Amino acid sequence: VNLNRQQVFGYPISIFFIIVNEFCERFSYYGMRAVLVLYFKYFFQWNDDLAISIYHTFVAFCYLTPIFGAIVADSWLGKFRTIIYLSIVYAVGQVAMAVSAIHDITDKNRDGTPDNLTFHVVLSMVGLMLIALGTGGIKPCVAAFGGDQFGDQQEKQRRTFFSVFYLCINGGSLLSTIITPILRAQDCGIHSKSKCYSLAFGVPAALMVVALAVFIMGSSMYYKAKPEGNIMFKVSKCIGFAIKNRYRHRSKQYPKKEHWMDWAEEKYDKLLIAQIKIALRVLFLYIPLPMFWTLFDQKGSRWTLQATTMDGNFGAIVIQPDQMQTINPILILTLVPIMDSLIYPLIRKCGLNFTPLRKMTVGMILAALAFFCAAVIQLQIDKTLPDFPSKTQSQLKLLNMGNTAIKVQLPGSEEFTLPGAQVFYFLNKLNKLLFQSVILLSQKVFVIGFLQADDLIYKPQEGNNEIRFINGMSKPLNVSSDAVQLGVINPFHYSNYTQIKNGRATFTLQDGSHSCEYSKDFGFGGSYTFFVPSTLSFGSNCQESITETVNIKPNSVHMALQIPQYFLITAGEVMFSVTGLEFSYSQAPSNMKSVLQAGWLLTNAVGNFIVLIVAEIAKLPKQWTEYILFASLLVAVCIIFSIMASFYTYIDPTEIEAQFKNKSYDSDEDDDKKKLEKSEHKMEKRNSVSSDEEDNKSNQTSM
């Protein structure tokens, strides 16, 4: 097609609108997705398994809907109108997500959590369904629509466009996974302060509106190809006819065909049947591939939750758990050129035949190794987690508020000495007589002299710390800081647990006329009790007088230890995903590339569903064992795939297509010759008959 349109430096002006649209749309999608699992866990207060299940269900549908978008665009609306209509749906979904995260809408108690949680859950689920339909629906259309803007003489410019196009995808992903977690970590709200998920979803929503507006602005400059029908319909009908026809002729009296698709020859062209056979050979290799995506997409769910139990302090900056996903697009942009220009050429120089299927096999092994690394890290994290009592246990925490040691004897244990201002933990199986209050409360109990108080039964969330002060003085004590206000604590009493962020905090203690300051550097996810003794001397030595007890240790395993697993999974993605697409396109017939694209996206969707199935069936008590399970499954699948790949023979589809076309052409020529000969024979016969008739007439006349 020769397109006579306005150009800049040899490129159609229209593609600049498409590139900006793609960047904004990818920022919108990946920005929303980066904080999604934490939104489920902390805003809705869902447990890890439910949060991950909904997350992977959403991702799976995002990979299913492109098939719908491709069919609609190719068969009815065309690419331009499909992008417009589904982008509107997409933008509405993003706005719904932003609104669902505004906790102040129904926060009557002003405690940072919505009272009508059902409203927020329903609104967010509707939003996610619209987003899945929108982002998946336009996914196969935008790149193809951009390619349509170039003429036949602009092949070089078209290749450059696709390079910039995919750079925008990774650029949008990179920036969004940096920015939206920062927005999420802010405190916002009208009546009460809470993590700002509304802003983290609001910015992607605004970017999607911008993407739609920019795309519409270029409307008059686009080349809009008319829909020509979708090949997937034709392929499905041909396969369906072959299966039906084979079933009809299942009796032994009918001769066998070389391939089951040959049963479609009665109705369909041999070239189409040959093309479908080639595509089916590639699609057969897709069967084991979903397992790779099962592991890969967990970097946005399980790995993000793993990061919430780690130390994100990198010195000058503090990394949010959901920002660790940024490593993936950074490594993608780095590893792709390194692999293509350095690693693969070196392997070839070593004389190794590193075929595409072998690259994919290595990619699967690297992904499995990434999960083995995650399991090792999880083992280290588990060592730092508190030992909470199980359903058949209770835990007593005894605090001696006096200055002198006392002797304590509990049932089932020997007498021991508890020093002044010290804590002792006692873990034992439940005894109905001794621990009646524990049975009723089903949680740990904090005993202060003759006072009894509930203690934490969970590790502090979102990297925050939980603190409480105990006033061992005979007069009321006011405790405050810039970050939190604990208020007045009565004599020989305690404050409620209060959340405080990581970093240095300074507390001011006042008993009326006297005051002093106490400072503490907080990490992530710790729980502390600060005991103010009766002998507290206000002044510069105040810091030394207060006793600090660590109830729950802060996160001590550093987030940097996740970098190796991100490196391995990304290297695996480069070798598996990029190579897999190249292999599929090189082995696909010219008119079957969209069929293989649909099959490839289907493997992504199935992989995310496998996460749900395996996690539900296994129900492993320890997270590291689940990582080992997934890694082991991928290794097993990798072995199966390598065996399947060893039987695959690489072909040149264009050459096979050319052979069929030549045969068809020769067959047509033969048919034409036969028709011509038959025609000539008839003419000769007709001439002979007419000649005989004339002779008879002349004879009759002479007679």
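Visitor: What makes cysteine 188 and cysteine 196 a disulfide?

Guide: This is a predicted model, in which local features need pLDDT of at least 70 and side-chain atom pairs count only at pLDDT 80 or more, while totals for chains, interfaces and linings use all residues. Residues are numbered from 1 along each chain as its sequence is written, and side-chain values use heavy atoms, with hydrogens and water left out. A disulfide is a pair of cysteine sulfur atoms within 2.5 Å. The sulfur atoms of cysteine 188 and cysteine 196 are 2.0 Å apart, and the two residues form a disulfide. The angle about their S-S bond is 105 degrees, and the link is right-handed.

Visitor: How many disulfides does a search of the whole structure find?

Guide: The search finds two. In the second, the sulfur atoms of cysteine 516 and cysteine 542 lie 2.1 Å apart. Cysteine 516 belongs to strand β17 (residues 515-522) and cysteine 542 to helix α14 (residues 542-545), so the pair ties together parts that are 26 residues apart in sequence. Helices (H or I, at least four residues) and strands (E, at least two) are DSSP runs, numbered from the N terminus. With bonded cysteines counted along the chain, the pattern is 1-2, 3-4.

Visitor: Why is cysteine 516 called buried?

Guide: Buried means under 20% relative accessible area, exposed over 50%, and partly exposed in between (1.4 Å probe, protein chains only). Cysteine 516 has 5% relative accessibility and therefore counts as buried. Cysteine 542, with a relative accessible area of 0%, is buried, and cysteine 188 and cysteine 196 are both buried.

Visitor: Why does cysteine 350 count as exposed?

Guide: Cysteine 350 has 62% relative accessibility and therefore counts as exposed. Cysteine 62, in contrast, has a relative accessible area of 4% and is therefore buried.

Visitor: Why is isoleucine 563 described as partly exposed?

Guide: Isoleucine 563 has a relative accessible area of 38%, and is therefore partly exposed. This residue lies in helix α15 (residues 563-587). Leaving aside residues up to four places away in sequence, isoleucine 563 touches Met324 and Ile327, where contact means heavy atoms within 4.5 Å.

Visitor: Why is helix α2 said to be largely enclosed by the rest of the structure?

Guide: Eight of the eight residues of helix α2 (residues 36-43) are buried, so the rest of the structure largely encloses this helix. Among them are Leu36, Tyr39 and Phe43. The buried residues of α2 pack against several helices, including α1 (14-34), α3 (48-100) and α10 (302-307). After α2 comes glutamine 45, whose phi is positive, near 60 degrees.

Visitor: What is the make-up, by class, of the lining of the second largest pocket?

Guide: The lining has 16 nonpolar, ten polar and eleven charged residues. Ala, Val, Leu, Ile, Met, Phe, Trp, Tyr, Cys and Pro count as nonpolar, Asp, Glu, Lys and Arg as charged, and the others, Gly among them, as polar.

Visitor: What share of the chain counts as buried?

Guide: Of the 703 residues of the chain, 48% count as buried. The chain has 18 helices and 19 strands. Of its contacts with a separation of 6 or more, 74% come from residues 24 or more positions apart.
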